Amino acid sequence: MKTSEKAYRIIAISSLLILVAVQFKLIYNTFELKNNQYYLKEKKTLNDAYSVLVRNDKVYPGAQAIIDRHIYGLMDELKYTYYNRANARLAELKDKISSGILEELKSRKDMDKLFSAMVVENNLNPNLRYAITISQISYTFDGISYIPIFDAKAKNPSAIYGEIVAGSLRDFDKQNLVSAYIVNSPLKDSYQISFSMYVDHNNRTLQILEDMLPTFLLAVGSILFVIGIYYKTYKNWMEQKKLTAMTSDFLNSISHEFNTPVATILVANHSLLKDEIIKDARKVKELSAVIDRQAQRLKKLIKQSLTITKLSDVNLDKTTVEFVPLLLESLADYSLKLDHTVQLDPEMTDAHGEVLLNKFLFTTMLYNLLDNAIKYNSSKAKQVVVRLRMEENQLILSIIDNGVGIAPETLAYIYNRFYRGKHSIQADGLGLGLYYVQQVVKLHQWDLLVQSEVGKGSTFEIKMKIVE
């Protein structure tokens with residue numbers, strides 16, 4: 001049974017983890033899809049504004065003069081080294097030109113002011129960030145064939161969108177592209193340049209997540225719903241399993257408890273049919289007494305089982321009773337059946353007051369607690385203290401014993417119907433006593449507390465409201 005339960009748990013938890021993983025994958029894919037299809041609504045406005053800025057320039061206003069100066073200043077030497085196949089010197093010149101252009105463009109901050117003005121003039125989101133990149137610069141001597149001076153991707157494979165020369169935006173992709181230009185001239189001794197502008201919100205990821213909030217909540221809600229169903233199903237299964245085990249224990253207990261008096265009665269009755277027994281009046285009386293005791297025991301077991309099923313607040317007949325006299329009377333009756341090994345000590349302080357209760361149920365409940373205090377006690381001198389005290393508008397009744405006690409892990413189950421702890425298995429009973437006690441307490445709307453220590457004893461405390 002334990003192996004089966006463990007297997008069910010592993011299967012259930014594994015299924016739940018797979019479901020969570022699938023949901024996470026779906027959410028992640030949705031995020032990636034939205035990210036890849038992300039469209040900046042300000043894109044057209046920005047493209048138009050940027051186009052006006054670079055209409056008679058390149059990269060940003062003032063950049064063309066910088067690029068022209070670096071390229072045309074070394075154009076003659078560049079041509080000479082190219083045609084003379086001075087490859088080493090040609091590489092140095094290319095690096096010198098490209099580095100000079102990039103460094104000077106990066107050092108200028110003109111575009112930052114222009115972009116801020118662009119945002120304000122067009123009433124755009126102030127959280128927008130931009131980046132201007134140069135992906136390629138080439139020169140031509142004949143106006144037809146272009147020779148690369150700078151290639152961002154060749155220089156740095158991670159710079160797939162070009163080298164950033166202006167702006168604070170660093171994390172961008174093709175979805176952020178606002179404008180892309182390739183500017184060249186059909187004239188001899190000229191150059192070609194490719195540059196782009198990328199724009200994105202400063203909190204793009206957060207915006208995408210906000211857009212995905214309904215999807216995310218639906219996914220989380222479905223997971224929580226499945227977990228709730230799993231928990232409810234598992235709880236019901238455990239309760240059914242527990243009920244099955246309890247029923248099995250009950251059947252085993254009731255079979256043993258009922259069979260013992262029945263078997264004794266049958267044996268005694270069979271003995272009474274023998275001629276030598278019939279002739280002996282003393283033995284007849286002894287066997288009759290045995291039959292009577294076992295019949296009474298059987299009657300008690302049946303009554304206890306039936307009483308449990310009939311407990312209900314619908315037919316609970318309560319009366320207002322002076323509690324102390326009722327308690328003393330019940331203890332006096334109970335003490336008549338005690339032997340010398342049991343000491344029953346009532347401790348009454350200045351307690352008094354009336355309590356609304358059902359006399360029969362209260363007395364039976366009290367006797368159940370006293371029976372347990374004596375039954376589960378291995379001491380040579382069994383001591384049971386019945387203490388009554390007042391606390392504000394309550395009477396507190398405590399049943400204190402020096403018995404075997406109750407293990408902490410068992411306390412949660414002692415009120416279950418048919419439950420019997422390891423010490424209970426060796427004692428007579430059906431495991432209904434404390435269940436009965438709890439039901440009576442609930443029907444009277446009292447409070448029941450228990451404290452116990454293995455080897456030292458237990459204390460059951462009942463708090464009852466006084467009728468004012």
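Biologist: In which hand does α2 pass α6?

Modeller: The crossing is right-handed. Keep in mind that this is a predicted model.

Biologist: Which residues of α2 and α6 meet?

Modeller: From α2, L46, A49, Y50 and L53. From α6, M111, L114, F115 and M118. By class, the contact has eight nonpolar, no polar and no charged residues. Tyr counts as nonpolar here.

Biologist: What makes α12 oblique to α13?

Modeller: The axes of α12 (residues 323-335) and α13 (residues 359-375) cross at roughly 50° and come within 11 Å. Roughly parallel would need an angle under 35 degrees, and roughly perpendicular starts at 65. Hence the label oblique for α12 and α13. Their crossing is right-handed.

Biologist: Which residues make the contact of α12 with α13?

Modeller: On α12, they are F323, L326, L327, S330, L331, D333 and Y334. On α13, they are K359, F362, T363, L366, Y367, L370, D371 and I374. That contact divides into 10 nonpolar, two polar and three charged residues.

Biologist: How do α13 and α14 pack?

Modeller: Their angle is about 145°, and their axes are 9 Å apart. The crossing of α13 with α14 is left-handed. In the contact, α13 supplies F360, L361, T364, M365, N368, L369 and N372. G433, L434, Y436, V437, V440 and V441 come from α14. The classes are nine nonpolar, four polar and no charged.

Biologist: Now the sheet. What is the strand order, and what is the pairing called?

Modeller: The order is β7-β9-β10-β12-β11, an open sheet of five strands with mixed pairing. Why are β7 and β11 at the edges? β7 (342-348) and β11 (447-453) each have a single partner strand, so one side of each has no neighbour in the sheet. From one strand to the next, the twist averages 15°.

Biologist: How do you know that β7 and β9 count as paired?

Modeller: Two strands pair if there are at least two bridges between them. β7 and β9 (residues 382-391) have seven, in the parallel sense. L344 has V384 of β9 as its bridge partner. D345 is bridged to V385 of β9.

Biologist: In which sense do β9 and β10 pair?

Modeller: Antiparallel, over eight bridges. V384 is bridged to D401 in β10. β9 and β10 form a hairpin with two residues between them. In the turn, E392 has a positive phi of about 60°.

Biologist: Which strands does α13 touch?

Modeller: α13 packs on the sheet and touches β7, β9, β10 (394-401) and β12 (457-465). Its direction makes about 30° with that of β10. Helix α14 (residues 433-443) lies across β11 and β12, at about 145° to β11.

Biologist: Why is I71 called buried?

Modeller: Its relative accessibility is 0%. Buried means under 20%. I71 therefore counts as buried. I71 sits in helix α3 (residues 63-72). Not counting residues up to four places away in sequence, I71 touches I97, I101, I137, I149 and Y191.

Biologist: What makes D189 partly exposed?

Modeller: The value is 26% relative accessibility. Buried is under 20% and exposed is over 50%. D189 falls in between, so it counts as partly exposed. D189 is in the loop between β4 (177-183) and β5 (190-201). Its phi is near 50°, a positive value in a residue other than glycine.

Biologist: Why does Q445 count as exposed?

Modeller: Relative accessibility is 72% for Q445. The cut-off for exposed is over 50%. Q445 therefore counts as exposed. Q445 lies in the loop between α14 and β11. Q445 is not a glycine, yet its phi is positive, about 60°.

Note on methods. Residues are numbered from 1 along each chain as its sequence is written. This is a predicted model: local features need pLDDT of at least 70, side-chain atom pairs count only at pLDDT 80 or more; totals for chains, interfaces and linings use all residues. Side-chain values use heavy atoms; hydrogens and water are left out. Axes are lines fitted to C-alpha atoms, for helices over the stretch in contact, and angles run from 0 to 180 degrees between N-to-C directions. Helices (H or I, at least four residues) and strands (E, at least two) are DSSP runs, numbered from the N terminus. Angles under 35 degrees count as roughly parallel, over 145 as roughly antiparallel, 65 to 115 as roughly perpendicular and the rest as oblique. A crossing is left-handed if the near helix is turned anticlockwise from the far one by less than a right angle, and right-handed if clockwise. Contact means heavy atoms within 4.5 Å. Buried means under 20% relative accessible area, exposed over 50%, partly exposed in between (1.4 Å probe, protein chains only).
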